[in-house]
2 protein chains.
Amino acid sequence: MSATDEYLTNNTAYAASFRGPLPLPPSRQVAVVACMDARLNVYALLGLGEGEAHVIRNAGGVVTDDAIRSLAISQRLLGTREIILIHHTDCGMLTFTDDDFKRRIEEETGLRPPWAAEAFRDLEDDVRQSVRRVTSSPFVPHTASVRGFVFDVATGRLSEVK
Amino acid sequence: MSATDEYLTNNTAYAASFRGPLPLPPSRQVAVVACMDARLNVYALLGLGEGEAHVIRNAGGVVTDDAIRSLAISQRLLGTREIILIHHTDCGMLTFTDDDFKRRIEEETGLRPPWAAEAFRDLEDDVRQSVRRVTSSPFVPHTASVRGFVFDVATGRLSEVK
């Protein structure tokens with residue numbers, strides 16, 4: 001049985017006690033941008049209830065153009081106002097460089113990716129970089145509460161990056 | 001008290017009973033790509049355990065270049081093999097068009113976004129489009145198990161799109 005099939009079996013149990021539908025706009029008007037890392041259960045670590053907040057995730061929790069697209073839709077069409085950015089300790093993005101990663105792909109496939117891999121060297125610096133990318137974007141209108149955090153995968157604790 | 005501050009209080013309670021750290025590579029070798037919608041608690045609806053699967057999310061659960069970047073890192077550096085794509089009923093992406101959204105932003109800010117908004121008209125068609133974007137990408141090496149689903153926000157149930 002594949003992992004996908006096992007998760008589908010889990011979903012049947014989930015649906016059995018499910019109560020819906022909730023409204024489309026996030027009730028707490030929050031958008032979270034976090035790393036895709038498997039150890040970040042974003043709902044649990046923030047105590048998010050279903051329907052409360054948009055959750056945007058990618059490799060690194062980096063504020064890419066696609067994260068800006070999602071935040072623009074989140075704020076302009078669905079009314080969110082606060083943004084929470086979450087990076088974490090022991091992140092895979094600290095273990096390689098863009099140049100190496102893209103060169104390896106090019107050697108294997110013959111094609112160099114047109115995108116930046118967005119690896120970074122310093123966790124807190126990259127949180128600050130992400131905050132600045134949000135606050136300087138002309139497409140994200142509400143930037144009064146854009147706060148960045150590091151999640152510690154050993155302790156489960158969020159620390160704010162100032 | 002802001003919503004962000006309330007979530008930080010929740011995190012203190014989460015950390016008090018947290019046990020870590022788990023290893024960096026996802027233990028079930030799965031990557032999920034899902035919509036950012038607030039009603040999709042991806043860990044709960046699939047019964048994912050912490051540390052099992054990467055979770056990539058954006059507006060629509062669309063396979064953008066940034067999702068491909070994340071999947072490339074997930075498979076090439078962190079060993080995932082199966083991909084689960086999740087769209088959902090009552091999606092905000094069905095309520096607007098790219099042209100309207102980008103024109104409104106241009107009227108308000110004077111700048112037209114350089115990215116596609118990725119709105120879509122048909123949920124199942126867009127799931128199929130997303131599956132094809134993954135399977136046709138030269139940068140995602142493992143495409144033997146790429147399966148697409150619609151999550152019903154009324155019932156909590158996943159339906160596979162063939």
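Which side chain does A:Arg76 meet in a salt bridge? The partner is B:Glu108, at 3.3 Å from N to O; a salt bridge here is a side-chain nitrogen of Lys or Arg within 4 Å of a carboxyl oxygen of Asp or Glu. This is a predicted model, where local features need pLDDT of at least 70 and side-chain atom pairs count only at pLDDT 80 or more, while totals for chains, interfaces and linings use all residues. Residues are numbered from 1 along each chain as its sequence is written, chains are lettered from A in the order in which they are written, and side-chain values use heavy atoms, with hydrogens and water left out.

Across the interface of chain B and chain A, the rule finds six salt bridges. The contact (heavy atoms within 4.5 Å) takes 85 residues from chain A and 85 residues from chain B. Put together, the two chains bury about 7,500 Å², with 61% of it on carbon and sulfur atoms; this is the accessible area (1.4 Å probe) that two parts lose on being put together, summed over both.

Now for helix 1 of chain A, residues 3–16; helices are DSSP runs of H or I with at least four residues, and strands are runs of E with at least two, numbered from the N terminus. Its buried residues (under 20% relative accessible area, 1.4 Å probe, protein chains only) include A:Tyr7, A:Leu8 and A:Asn11.

Methods:
Expected span 1.5 Å × (residues − 1). Buried < 20%, exposed > 50% of the residue type's maximum accessible area, 1.4 Å probe, protein only.
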